[in-house]
Amino acid sequence: MERRERADAARNRQAILRAAEELLRRHPPEQVSVERVAAAAGVGKGTVFHRFGSRAGLMVELMAERARELEQAVAVGPPPLGPGAEPVERLVAFLAAVAELGSRNGNLMAAHEHAMVTRKAAETPREANPIYVYWHGHVSGLIAEARPDLDAELIAHMLLGTLHMEPIASQLRAGEHKRLAAGFAALVRSLLGDG
């Protein structure tokens, strides 16, 4: 009996996350309520609250899940995103993947940002967010590998920080991730060389 409950809980979790993601693709974040997510997932509102604690908790977990998929591709996926490519090519591929993630999930990223503020994360710098910590570590590691003479930590902050600038965020919301990826690639190759 216990195993069945865990399977149901896992199935409900995935249904809730899928429903939230689909609603965020079609509606602005402020129109995606817990009630709406629960109805789309076929579960009770209490199930969403029990599993995620709040709407903010749901948005944070959904963003974390999308980020984990990217982390998995970086850790064990095929090159150039995964291991085996030169650092410059890996960095270009990673920033393109981040841009695509942002474009596909623009409303999710906005909801996640708002959720972090709602959860009092505003008192903690954005740089302490686990997703940001991983992304920064990966980017700065690749920069340091390609050009040990540069301040890799600072340059990584500069590259990733652009994603939070409104002109870039509006490009992502408009689906312009390929344009942003090309811009990142030009910056990276210009700074680090062609690998």
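Reply: Gladly, and bear in mind that this is a predicted model. The largest nonpolar core has 34 residues, and within it F94, W135, I143 and L163 are the ones that touch the most other members.

Me: Which helices each supply at least two residues of this core?

Reply: They are α4 (55–76), α5 (87–104), α7 (130–146), α8 (152–161), α9 (166–173) and α10 (177–192). The most is given by α5, which contributes 10 residues.

Me: What is F94 in contact with, once its neighbours within four places in sequence are left aside?

Reply: F94 is then in contact with L70, V74, L81, W135, H138 and V139. Apart from the core that holds F94, there lies another core, of 18 residues, including L23, V32, V34 and M59.

Me: Turning to the helix pair, how do the axes of α7 and α8 cross?

Reply: The two axes come within 8 Å, and they cross at roughly 125°. Angles from 65 to 115 degrees count as roughly perpendicular and those over 145 as roughly antiparallel, so α7 is oblique to α8. The crossing of α7 and α8 is right-handed.

Me: Which residues make the contact between α7 and α8, and how do they divide by class?

Reply: From α7 come Y132, W135, H136, V139, S140, I143 and A144, while α8 brings A152, E153, I155, A156, H157, L159 and L160. By class, this contact of α7 with α8 comprises 10 nonpolar, 3 polar and 1 charged residues.

Note on methods. Residues numbered from 1 in each chain as written. Predicted model: local features only at pLDDT ≥ 70, side-chain atom pairs only at ≥ 80, totals over all residues. Heavy atoms only, no water. Core = buried A, V, L, I, M, F, W, Y, C linked by side-chain atoms within 4.5 Å. Buried < 20%, exposed > 50% of the residue type's maximum accessible area, 1.4 Å probe, protein only. Helix = DSSP H or I, 4+ residues; strand = E, 2+ residues; numbered from the N terminus. Contact = heavy atoms within 4.5 Å. Axes fitted to C-alpha atoms, helices over the stretch in contact; angles between N-to-C directions. Parallel < 35°, antiparallel > 145°, perpendicular 65-115°, else oblique. Left-handed = near helix turned anticlockwise from the far one by under 90°. Nonpolar A, V, L, I, M, F, W, Y, C, P; charged D, E, K, R; others polar.
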